[in-house]
Amino acid sequence: MSELQEPRPVKLIIGLIYSQNAKIDECIERLRDSFGDIDFISDRLPFQFTSYYEEEMGKDLSRKIISFRKLIRRDELADIKVFTTKLERTFSITGKRTINIDPGYIAYEHLILATGKGYYHRPYLGKGVYADLTLVFRNKEFQTLEWTYPDYGGEDLRRLFKELRESYTRQLAKELGQ
């Protein structure tokens with residue numbers, strides 16, 4: 001019989017896709033106010049993997065990935081997605097988002113994103129939020145799954161997430177002595 005126990009805390013990450021007129025610095029400050037110190041912010045990356053957001057947000061979109069110093073419990077993800085969905089609305093112009101905010105977390109074994117869209121591979125977390133198993137960590141690398149978003153499956157982001165996982169691993173060892 002298995003023994004029920006809380007899993008190790010995980011590293012909160014947030015993917016931001018934003019338009020040229022977005023107040024991205026203000027948004028990042030709001031995220032910092034809510035989730036604490038940021039320990040990583042990527043450079044601005046071009047977002048060119050899909051035209052899905054163009055009708056709402058325009059063309060020439062950019063992406064940033066940020067991570068937070070404070071580790072979270074996995075069951076906090078639904079509340080975080082509820083908060084970021086509301087935050088997206090505060091930065092909307094005439095009902096159209098200028099910033100898409102995708103929270104998720106990195107654990108030893110995988111990268112999970114929160115989404116409001118259910119699908120066969122997305123277990124329900126509550127509060128209208130589903131978990132998307134985006135990447136799995138096997139053979140010392142993050143590996144894609146058949147449903148992984150193309151940009152998350154790209155070599156550059158997988159390398160970045162591997163570096164964040166290494167940072168998370170060191171942090172966890174320091175904080176929990178593991």
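Predicted model: local features only at pLDDT ≥ 70, side-chain atom pairs only at ≥ 80, totals over all residues.
**Exercise 1.** Find which residue forms a salt bridge with R97, and work out where the two partners lie in the chain.

*Solution.* 
- Step 1: Begin with the overall picture: a search of the whole structure finds 13 salt bridges.
- Step 2: For R97, the partner to look at is E56, with the closest N and O atoms 2.9 Å apart.
- Step 3: E56 belongs to helix 2 (residues 54–57), while R97 sits in the loop between helix 3 (77–90) and strand 5 (99–106). They are 41 residues apart, and this pair links distant parts of the chain.
- Step 4: Check the exposure of each partner. E56 has 28% relative accessibility, so it counts as partly exposed. R97 counts as buried because its relative accessibility is 19%, and the cut-off for buried is under 20%.
- Step 5: Look around the pair. E88 joins E56 and R97 in a network of salt bridges.

**Exercise 2.** Decide whether K81 and D102 are buried or exposed, and describe how they pair.

*Solution.* 
- Step 1: K81 and D102 form a salt bridge whose closest N and O atoms are 3.8 Å apart.
- Step 2: K81 is in helix 3 and D102 in strand 5, 21 residues apart, so here again we can say that the pair links distant parts of the chain.

**Exercise 3.** Explore the largest nonpolar core, and list what I14 touches.

*Solution.* 
- Step 1: This core has 32 residues, and I14, L16, C27, L31, F68 and I99 touch the most other members.
- Step 2: Ask which elements supply it. Those giving at least two residues each include strand 1 (10–18), helix 1 (24–35), strand 4 (62–72) and helix 5.
- Step 3: Zoom in on I14. Leaving aside neighbours within four places in sequence, I14 is in contact with L31, F35, K64, I65, I66, F68, T84, I101, D102 and P103.
- Step 4: Finally, look elsewhere: another core, of 13 residues, lies apart from the largest one, and its members include L113, F142, L157 and F161.

Key. Residues numbered from 1 in each chain as written. Heavy atoms only, no water. Salt bridge = Lys/Arg side-chain N within 4 Å of Asp/Glu carboxyl O. Helix = DSSP H or I, 4+ residues; strand = E, 2+ residues; numbered from the N terminus. Buried < 20%, exposed > 50% of the residue type's maximum accessible area, 1.4 Å probe, protein only. Core = buried A, V, L, I, M, F, W, Y, C linked by side-chain atoms within 4.5 Å. Contact = heavy atoms within 4.5 Å.
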